[in-house]
Amino acid sequence: MDAQLKALSDPNRRTLLLRLGDRDGQTLKELCSGLAMARQSVAKHLEILESAGLVTVQWDGRQKLHHLDTRPITDLIDDLTARWGPKSGPLGETVAGTDGEAYVYVIYIRTTPERLWHAITHPQTSLGYLGHAIESDWLKGSPYVWVERGIRFERPEQVILESDPYRRLAFTYPMSRTPVHDDPGAEEEPTRVSFEIEPGERHTRLTLVHDGLRPGSITRTLAAREWPLKLSDLKSGLEQLTAP
């Protein structure tokens with residue numbers, strides 16, 4: 001378990017896993033394309049992922065192909081669930097959702113709903129606070145582009161589902177296109193992310209719900225790990241603006 005947790009703790013390695021989930025069987029050269037990392041660094045990250053069992057290699061002639069293996073992640077989830085139950089972190093919990101499971105995280109931020117909305121929806125601000133940017137006109141039914149670590153994710157299923165300024169925002173989250181553990185020939189369906197903003201006297205309550213997560217999926221693991229980090233950085237950034 002320690003090897004998997006160590007491997008998943010690095011954002012660059014998580015990026016490589018997402019890229020393999022999007023297109024399996026890539027060479028080192030292909031994985032390096034578009035990344036702000038040296039080839040030697042990418043190779044080192046792949047060695048760590050391979051040692052953790054998250055990546056397997058296959059030789060095709062002179063080409064070394066890298067493949068994503070989600071089984072260690074499934075085992076890790078089962079182990080953590082057996083030890084600590086469904087809790088996923090401070091204020092975070094995995095609950096029954098409308099389709100699969102939902103990861104719910106609540107955080108209170110000393111800011112206004114307007115500033116919070118701007119931090120989530122304005123690409124440059126979001127990139128600084130959350131580590132990713134969403135480029136869209138924010139109209140219901142509109143497409144969007146997800147930008148993170150210099151990579152632009154743009155697929156037909158990326159759609160804004162709800163957009164009520166300063167109150168609620170929801171969109172599909174298609175970055176879970178990794179093979180399903182019990183059916184390697186299938187792919188996971190896009191999941192859904194929603195932000196609920198509720199004003200208070202001194203703090204604004206932000207509730208994140210990542211719904212449609214499947215047991216054993218890499219997205220389920222990353223949701224419980226990534227969202228608390230992202231929202232913690234968001235809280236810190238916004239509260240620095242209001243500090244006396």
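Two strands pair when DSSP finds at least two bridges between them; strands (E, at least two residues) and helices (H or I, at least four) are DSSP runs, numbered from the N terminus. This is a predicted model, with local features needing pLDDT of at least 70, side-chain atom pairs counting only at pLDDT 80 or more, and totals for chains, interfaces and linings using all residues. Residues are numbered from 1 along each chain as its sequence is written, and side-chain values use heavy atoms, with hydrogens and water left out.

**Stop one: strand S7**

Select S6 (residues 133–135) together with S7: three bridges join these antiparallel strands. Glu135 has Val145 as its bridge partner in S7. The S7–S8 hairpin has two residues between its strands, and Arg149 takes a positive phi near 55 degrees.

In a regular strand the side chains alternate between the two faces of the sheet. Is S7 covered on one face or both? Both: Val145 and Val147 on one side, and Trp146 and Glu148 on the other, are all buried (under 20% relative accessible area; exposed is over 50%, partly exposed in between, with a 1.4 Å probe and protein chains only).

**Stop two: the rings**

Show the aromatic side chains. Rings of Phe, Tyr and Trp (its six-membered ring) pair if their centres lie within 6.5 Å; planes under 30 degrees apart are stacked, over 60 edge-to-face, and the rest tilted. That rule gives eight aromatic pairs. Pick Trp146 and Phe171, a tilted pair at 6.4 Å centre to centre with 55 degrees between the planes. Trp146 sits in S7 (residues 145–148) and Phe171 in S10 (residues 168–173), 25 residues apart. Trp146 is buried, at a relative accessible area of 1%.

Next, select Phe195 and Trp227: edge-to-face, 6.0 Å centre to centre, 85 degrees between the planes. Phe195 is in S13 (residues 191–199) and Trp227 in H8 (residues 218–241), so the pair ties together parts 32 residues apart in sequence. Tyr144, Trp146, Phe171, Tyr173, Phe195 and Trp227 form one aromatic cluster.

Finally, select Leu18, Glu148, Tyr173, Leu222 and Glu226, the closest to the centre of the largest cavity among its 14 lining residues. (A cavity is a set of points, on a 1 Å grid over the protein atoms alone, where a 1.4 Å probe fits but cannot get out; lining residues have an atom within 4 Å of a point.) Colour H8 too: six lining residues, the largest share, come from there.

Definitions and conventions: 1 Å grid on protein atoms, 1.4 Å probe; cavity = no way out; pocket = protein on both sides within 12 Å on 5 of 7 lines; lining within 4 Å.
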